[in-house]
Every structure is written in structure tokens, then in C-alpha cells.
Amino acid sequence: MSLLEIHNLKKYFPVGGGLFSSKKGEVRAVDGVDLSVEEGETLGVVGESGCGKSTLGRTILRLIEPTEGEIRFEGKDLLKLSSRELRQMRREMQIIFQDPYASLNPRMRVGDIVGEGLEIHKLARGRKKRERVMELLHQVGLREDHYDRYPHEFSGGQRQRIGIARALAVNPRFIVADEPVSSLDVSIQAQIINLLQELQQKMHLTYFFISHDLRVVEHLSHRVAIMYLGKIVEIAPSEKIYHDAKHPYTRALLSAVPLPDPERKKERIMLQGDVPSPVNPPSGCSFHPRCAYREDVCDKIEPELESADGHAVSCHVFGPSKRS
């Protein structure tokens with residue numbers, strides 16, 4: 001049994017409709033996602049801005065309530081838990097937020113920020129809390145004298161280390177990392193990625209790593225899921241995604257990744273048009289208006305996410321049934 005299993009997960013946000021007017025539509029931010037995450041692995045979730053990947057991560061943790069679907073953690077249906085049971089479950093599931101500046105309370109000292117979860121879950125208070133926070137600060141590469149400082153006294157990379165320490169405080173097993181390095185300099189990104197890998201090995205953590213940067217995901221992830229307009233269009237082990245991508249959208253994303261060698265060149269795949277609106281998504285395959293390989297069936301029937309040899313693709317043209 002997988003540590004986390006998601007079935008037909010949906011999150012729709014209403015559009016329009018004030019106090020005296022009816023709803024005009026809905027934004028299909030997450031539209032029928034099926035995923036599983038194995039214990040100890042890192043699942044990278046990649047897609048353009050607005051594809052729904054951050055909403056998916058927050059919905060899994062029930063920071064946002066889903067519209068429909070099923071979320072199981074160790075076989076327990078999170079949507080059927082009482083508020084008390086959900087609070088206990090939050091010890092197992094934590095999040096590292098994207099913005100290290102907005103995610104830390106500027107009026108709280110670092111020791112209180114990192115140790116807040118210890119008090120909420122009644123794990124440690126007083127001297128024991130301080131000792132635990134000091135240990136966490138050391139684990140993430142900060143000093144003990146940082147305990148009594150405020151967030152504004154730190155750089156972006158240091159603030160993100162504080163956010164990581166806060167997530168680790170209650171000894172979670174599963175962490176949603178919501179683009180944790182996207183706002184950092186490249187050199188600092190590498191330090192944070194290496195830190196996350198070290199912590200995963202030491203603490204046997206499972207990561208749900210959200211990013212728009214395919215280079216970062218390749219370095220960190222065991223498997224990669226490609227998301228487009230609220231749906232998963234391809235999911236496979238990392239090496240298969242980067243060396244044998246099937247879906248046209250995945251290929252276009254990979255073609256946009258710059259090469260470190262200026263002498264090497266590769267063909268850039270330019271997508272047609274703009275990303276469709278999630279308020280009014282296209283019929284059939286949601287990618288077909290921008291796809292150079294579309295066929296007549298693509299705008300009529302939505303393709304299923306079919307799997308073969310651990311490589312799942314949602315495509316009428318390049319899906320497993322077409323390749324066999």
C-alpha cells in the first residue's frame with residue numbers, strides 16, 4: 001500500500017456570484033487527479049504557472065477543502081476525519097511554503113516560529129522546547145544564536161531554512177514542498193536542495209515536490225508527474241521523463257530547459273497559442289488546441305491516463321495503446 005493515494009481529486013473555485021447574484025462559473029484548478037506516493041520517495045510535480053500544482057498540494061493537506069475525490073494517507077481517508085483526528089494527522093503531514101518572506105510571521109522570534117508546532121501538539125514546552133528548536137536549527141544549517149532573532153534579520157535562503165525547520169519540528173513523514181527554491185538565487189537553490197536530500201535520508205521523509213523548474217526536479221525526484229490545466233498528463237520515473245518523454249507537452253517543457261554547454265544546441269518546440277482558461281477548458285484533450293500532433297479524436301474524447309511499464313501518459317497519439 002502506498003503512503004499517499006489520491007483518487008479523482010477535484011477542486012473547483014466559484015467565479016462571480018456576489019451576495020445577491022448566482023454563480024457564473026467555476027475555475028477547475030484540480031480536475032480529476034489520480035496519484036500515489038510511495039514511502040521514502042520524492043514525487044516531483046511540474047507544470048506552467050496556473051496549472052493547479054500548488055492547489056493540488058494544499059488540497060492534499062486539506063489546507064484547501066476539495067470539491068470531490070478521495071485522499072488516503074496510510075489507508076485513512078483524510079476527508080472523513082473529524083477535526084480532532086485531522087489535527088493529529090497534521091503531525092504526519094507538513095508543508096514548506098514557496099515564499100520565505102510571506103510565510104514567516106514578522107512579529108515572532110525564530111524560536112517561537114519553529115517551536116509553535118511543538119506547543120500546539122503538546123510535544124515540548126519550556127526548556128525541552130528550546131532544546132528541540134536548537135537541535136532543529138543546527139540540522140538546517142543555522143546557529144543557536146538565531147533563536148531570539150526576527151525574520152527580517154535573515155536572508156531569503158536563511159528564512160527558507162527556518163521554514164524547513166518549522167516543518168520538521170513535529171517529526172512528519174510526508175512533506176509538501178511548494179516551490180521551496182523558486183524565489184532564491186541559483187547558488188542558494190543548490191544548498192537548499194542538498195539540505196532537503198540530506199534530511200530525507202536522515203529522517204526517512206517522503207516529499208511531494210512542486211516546481212516549474214525541470215532542472216531542480218530532475219536532481220531531486222524519483223518520479224515526475226507533469227500537470228496541465230488541472231490534470232496529470234504524464235507520470236514516470238525521472239530518467240524516463242527526461243530521456244523518453246511521450247506527451248507533446250512534456251517534450252515542449254523539456255525543450256525549453258537551457259543546456260549548460262553553449263556549444264550544444266537542441267530544437268526548441270514552440271507551442272501554439274496560449275494556455276486555455278480553466279473556467280472554460282477545451283473539450284476532449286485539454287492540450288489539443290496547442291498540440292502539433294492532434295487528430296480528430298483529440299477534440300472530442302478526453303484521453304485516459306494509461307500506464308505501461310510504470311510510464312503513464314494521457315494522450316490519444318502517444319499513449320501506451322498507440323505504442324504497443
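Ile164 is buried, with a relative accessible area of 1%; buried means under 20% relative accessible area, exposed over 50% and partly exposed in between, for a 1.4 Å probe and protein chains only. The structure is a predicted model, in which local features need pLDDT of at least 70 and side-chain atom pairs count only at pLDDT 80 or more, while totals for chains, interfaces and linings use all residues. Residues are numbered from 1 along each chain as its sequence is written, and side-chain values use heavy atoms, with hydrogens and water left out.

Ile164 is found in helix 5. Helices (H or I, at least four residues) and strands (E, at least two) are DSSP runs, numbered from the N terminus. Residues in contact with Ile164, not counting those up to four places away in sequence, are Ile96, Val140, Ile192, Leu195, Leu196 and Leu199; contact means heavy atoms within 4.5 Å. Lys80 is 84 residues apart from Ile164 along the chain, and the C-alpha atoms of the two are separated by 29 Å.

Helix 5 (156-168) is also part of what covers the buried residues of helix 4, as is helix 3 (110-120). Helix 4 spans residues 126-139, and its 14 residues reach 20 Å from the first C-alpha to the last, close to the 20 Å expected at 1.5 Å a residue. The expected span is 1.5 Å times one less than the number of residues. Lys129, Arg132, Val133, Met134, Leu136 and Leu137 are buried in helix 4. Just after this helix, Gly141 has a positive phi of about 90 degrees. In helix 3, the buried residues include Val110, Gly111, Ile113, Val114, Gly115, Gly117 and Leu118. The cover over them includes helix 4 and helix 5.

An open sheet is formed by eight strands in the order 6-7-8-3-9-10-12-11, with mixed pairing. Two strands pair if DSSP finds at least two bridges between them. Strand 6 (93-96) and strand 11 (306-308) stand at the edges with a single partner strand each, so one side of each has no neighbour in the sheet. On average, neighbouring strands of this sheet are turned by 20 degrees against each other, direction ignored. Axes are lines fitted to C-alpha atoms, for helices over the stretch in contact, and angles run from 0 to 180 degrees between N-to-C directions. Within the sheet, strand 9 (residues 223-228) and strand 10 (residues 231-237) run antiparallel and are joined by six bridges. Opposite Tyr228 stands Lys231 in strand 10. Helix 5 lies across strand 6 and strand 7 (174-178), and runs at about 175 degrees to strand 6. Helix 6 (residues 186-203) packs on the sheet, where it touches strand 3 (42-46), strand 6 and strand 8 (206-211); the direction of helix 6 makes about 160 degrees with that of strand 8.

Strand 1 (residues 4-15) pairs with two strands in the antiparallel sense: with strand 2 (residues 25-37) over 10 bridges, and with strand 4 (residues 68-73) over five bridges. Ile6 has Leu35 in strand 2 as its bridge partner, and Glu5 stands opposite Arg72 in strand 4.

Most residues other than glycine have a negative phi. Leu229, in the loop between strand 9 and strand 10, has a positive phi near 55 degrees and is buried, with a relative accessible area of 7%. Arg62, in the loop between helix 1 (53-60) and strand 4, has a positive phi near 65 degrees; this residue counts as buried at 14% relative accessibility.

Grid points are joined across faces, edges and corners, and a volume is the space filled by probe spheres set on the points. The largest pocket holds about 440 Å³ of space. Of the 17 residues that line this pocket, Arg90, Gln94, Gly117, Ile120 and Arg166 are the closest to its centre. Strand 6, helix 3 and helix 5 each supply at least two lining residues, and the largest share, four residues, comes from helix 3. Two cavities of 30 Å³ or more are found in the whole structure. The largest cavity has about 60 Å³ of space, and its lining consists of His247, Pro248, Cys285, Phe287, His288, Cys291, Cys298, Cys315 and His316.

Note on methods:
On a 1 Å grid over the protein atoms alone, a cavity is a set of points where a 1.4 Å probe fits but cannot get out, and a pocket is an open set with protein on both sides within 12 Å along at least five of seven lines; lining residues have an atom within 4 Å of a point.
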